[in-house]
Amino acid sequence: MGAQEIFKLLPHTFVDAEKLPEISAAWNLSKQSQSTKRVFQLYGCVVTSRDMVSHKDPTRHFDKADYYAHPEHYAPVFHERIAPYASVIVNCMYWERRFPRLLSISQLQQLMKSGCLLVGICDITCDIGGSIEFVDKSTSIEKPFFRYDPSNNSYHDDMEGNGVICLAVDILPTEFSKEASQHFGNILSKFVASLASMKQLVELPSYLRRACIAHDGRLTSLYEYIPRMRKTMIDLAPAKANPSPDKKYSTLVSLSGHLFDKFLINEALDIIEAAGGSFQLVRCEVGQSIDDTSYSELEVGADDTATLDKIIDSLTSLANAHGGNHNARKETELSLKIGKVNECGTGDIVDKEGPKVLILGAGRVCRPAAQFLASYPNICSYGADDNSTDQIHVIVASLYQKDAEEIVEGIKNATATQLDVADIGSLSDLVSQVEVVVSLLPASFHAAIARVCIELKKHMVTASYVDESMSNLSQAAKGAGVTILSEMGLDPGIDHMMSVKMIDEAHARNGKVKAFTSFCGGLPSPAAANNPLAYKFSWNPAGAVHSGKNPAVYKFLGETIHVDGSSLYESAKRLRLPGLPAFALEHLPNRNSLIYGDLYGISEEASTIYRATLRYEGFSEIMATLSKIGFFDAANHPLLQDTNRPTYKGFLDELLNANNISTTTTNINIEASGGYDDELIARILSLGHCKEKDIAVKTVKTIKFLGLHEEIQIPKDCSSAFNVICQRMEQRMAYGHNEQDMVLLHHEVEVEYPDGRPTEKHQATLLEFGKVENGGSTTTAMALTVGVPAAIGALLLLENKVQTKGVIRPLEPEIYIPALEMLESSGIKLAERVEI
């Protein structure tokens with residue numbers, strides 16, 4: 001509506017979409033005439049979803065409800081019906097990835113070749129890479145435009161060349177208009193006289209009295225909680241090593257609701273202090289409107305459990321009193337969550353002599369990391385000399401004590417402890433007792449942990465990618481003299497170190513990197529690849545399935561190639577690696593390969609930069625077919641919302657009926673003998689979900705292996721097709737007892753020389769299999785190749801071998817040279833060869 005309001009300020013006429021060809025033809029005719037009359041007129045067309053898509057079945061008409069429920073039934077037509085006649089497109093619509101794009105890169109390229117009139121895009125939604133695919137970045141108020149040239153898929157800051165001008169300012173809502181400011185001022189001015197003439201708060205009307213935060217140089221009673229909370233606040237970068245409450249017992253209390261606009265936080269703090277307890281603010285998020293709820297975490301302490309129990313009971317009563325009465329339709333104003341009670345002041349958790357490393361987490365990768373550090377130098381002789389560190393003591397901290405104990409079981413010089421990293425006080429206490437922290441938790445935890453490490457001047461290692469939250473801490477880490485070594489695992493990690501070693505060696509020989517390719521995959525060993533997909537999961541399959549829908553971009557022979565997420569599986573190519581003839585593999589492009597050209601310093605010289613994910617051959621064909629059938633649709637399915645649950649077979653039939661890609665069959669030679677398999681194969685082919693019979697056969701084998709054909713009712717916790725297949729994959733594609741996984745990493749660097757020396761192809765390969773320990777448990781290859789590099793990073797920091805400070809990656813010789821040597825010394829071997 002805002003876009004239309006501005007448009008209406010110009011000389012304009014609104015027209016329906018079907019009138020656009022007629023108006024365009026008339027305009028072209030007037031251009032060809034000799035008339036010199038100038039006409040100032042704009043035609044506007046408000047485009048609805050009816051003009052953006054049409055049903056794939058030509059006998060079906062557009063139905064908005066059906067489109068929202070089943071967007072996969074519809075094909076994009078905006079580029080045919082609207083875009084050819086548009087000079088400017090103002091995009092104001094909501095969009096999700098399950099819907100067709102409004103305008104893709106390929107569609108725009110074809111439009112421009114046909115003489116399209118499009119001059120500019122104003123993307124109010126600012127969905128990066130969203131409904132308008134080529135809007136791949138946001139712009140600022142100061143520089144609101146960029147130019148996209150579809151002829152060579154390039155982006156420019158100047159406005160002088162070919163292409164389309166794009167506006168994508170993501171903070172437009174914060175740019176208050178003059179009229180809005182004037183309106184607000186007019187309203188506020190009505191209250192100024194009362195406020196200015198007031199001498200006592202009681203003179204004000206109640207709505208102003210409650211709004212007054214300070215009066216006569218002091219906070220008013222309703223806002224006295226501010227200094228109380230501020231005084232006890234535990235920042236994410238605490239100023240002291242042990243900020244826990246000065247009480248023997250403590251617990252974490254989470255409050256959410258209308259804490260501040262209803263002043264319920266006052267009552268909660270009064271309860272704690274009146275009972276003789278103490279509190280410290282761990283976290284606080286304040287809602288920005290009367291409709292938003294606020295959230296606070298308080299570490300509440302007491303000298304004895306009876307007092308703490310009394311505080312908890314009183315807080316619970318407060319929450320119940322404001323918890324809402326559903327019969328009266330009263331809004332919930334306060335909800336409460338109580339954490340585990342901890343006994344404080346029991347002394348240091350670690351009283352061992354010598355250097356100490358804290359490992360946060362209790363996943364599979366933690367045990368190899370703990371074993372490496374606690375056993376050094378016995379497990380790895382490289383670098384172990386008279387200057388090496390003393391025996392390292394490892395502390396493994398997890399949310400659950402039992403998980404941490406399982407990690408350290410049988411490892412000498414290792415201690416298990418319970419820790420909730422959200423409890424910044426306890427985290428800081430533990431970090432203050434060690435020299436290096438290794439975070440093997442999910443990436444979302446790293447920034448908060450890094451702030452604690454920076455404040456306490458402790459080095460840190462992670463195996464995760466450097467995201468914006470971590471990158472923003474680099475300057476603070478440098479100022480504190482702290483190294484935060486990130487991306488120190490397998491991929492990222494070993495892949496970085498192998499790459500820069502090969503590239504640096506090529507540059508040292510005055511060579512120029514002509515091509516860089518990297519392949520990496522975590523796979524079952526050939527013996528364990530015993531299902532139709534030849535793949536297994538050691539974790540929830542959702543992430544791996546989702547990755548098959550990620551768009552990708554890479555450079556090949558000087559051309560930048562974009563692969564849409566919806567066609568990623570179709571882009572898979574076969575691969576035969578030297579020295580590995582028994583492995584029939586395929587590779588899929590892995591997200592954005594181009595950023596590695598910048599990281600490795602080869603963007604200008606390399607005409608090919610390509611990173612890919614490895615799978616066994618045939619995996620992508622089956623996954624692509626399952627996707628077309630509809631199994632990867634994450635939207636809630638109507639059939640799964642009823643209490644009367646369908647069976648797997650009934651749901652499969654529904655998906656096949658709904659996701660009809662093509663009703664024509666070509667080159668299909670199947671004798672439908674009446675058997676279920678043959679009928680299902682013929683049905684998948686006839687619906688256009690795949691083109692070759694052998695792929696359909698493999699897909700049916702996969703469907704049967706996963707039990708998606710069974711007459712068993714689907715569980716209630718499955719609300720989408722995506723939930724259904726992920727649950728089945730998790731149940732039926734897990735590693736069996738003593739089954740091994742496999743990690744395969746392969747780099748190729750093609751080097752040419754200016755002095756006439758022949759071009760060389762340098763190759764490096766890492767092939768690692770899971771190991772069965774003496775007790776019969778299996779350490780996965782993935783855990784080894786992620787956990788051991790992280791441990792090596794910690795060891796290098798412990799021995800002061802890394803001089804670079806800030807948030808860094810293992811791209812410098814001071815890291816990758818000793819790290820690769822340590823990997824080989826510990827049994828993780830890299831094979832290198834050169835072809836001419």
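Rings of Phe, Tyr and Trp count as a pair if their centres lie within 6.5 Å. Keep that cut-off in mind for this tour of a predicted model.

**Stop 1: the cluster.** Select F62, Y67, Y68, Y74 and F99. Together these residues form one aromatic cluster. The structure holds 18 aromatic pairs. One of them is Y67 with Y68, 5.9 Å from centre to centre. The planes of Y67 and Y68 stand at 45°, and the pair is tilted.

Now colour by accessibility. Y68 is partly exposed, at 42%.

Stop 2: Select Y554 and Y610. Their ring centres lie 4.7 Å apart. The planes meet at 70°, so this pair is edge-to-face; the cut-off for that class is over 60 degrees.

Show the strands next. Y554 sits in β24, residues 552-556, and Y610 in β28, residues 608-616. Why does the pair tie together separate parts of the sequence? Because Y554 and Y610 belong to these two strands, the pair links parts 56 residues apart in sequence. Both Y554 and Y610 are buried.

**Stop 3: charges over rings.** The charged end of R615 sits over the F619 ring, 5.4 Å from the ring centre.

Finish with R728 and Y648. Where does R728 lie? R728 is over the face of Y648, at 3.9 Å from the centre of the ring.

Key: Residues are numbered from 1 along each chain as its sequence is written. This is a predicted model: local features need pLDDT of at least 70, side-chain atom pairs count only at pLDDT 80 or more; totals for chains, interfaces and linings use all residues. Side-chain values use heavy atoms; hydrogens and water are left out. Rings of Phe, Tyr and Trp (its six-membered ring) pair if their centres lie within 6.5 Å; planes under 30 degrees apart count as stacked, over 60 as edge-to-face and the rest as tilted. Buried means under 20% relative accessible area, exposed over 50%, partly exposed in between (1.4 Å probe, protein chains only). Helices (H or I, at least four residues) and strands (E, at least two) are DSSP runs, numbered from the N terminus. A charge sits over a ring if NZ of Lys or CZ of Arg is within 6 Å of the ring centre and within 35 degrees of the ring normal.
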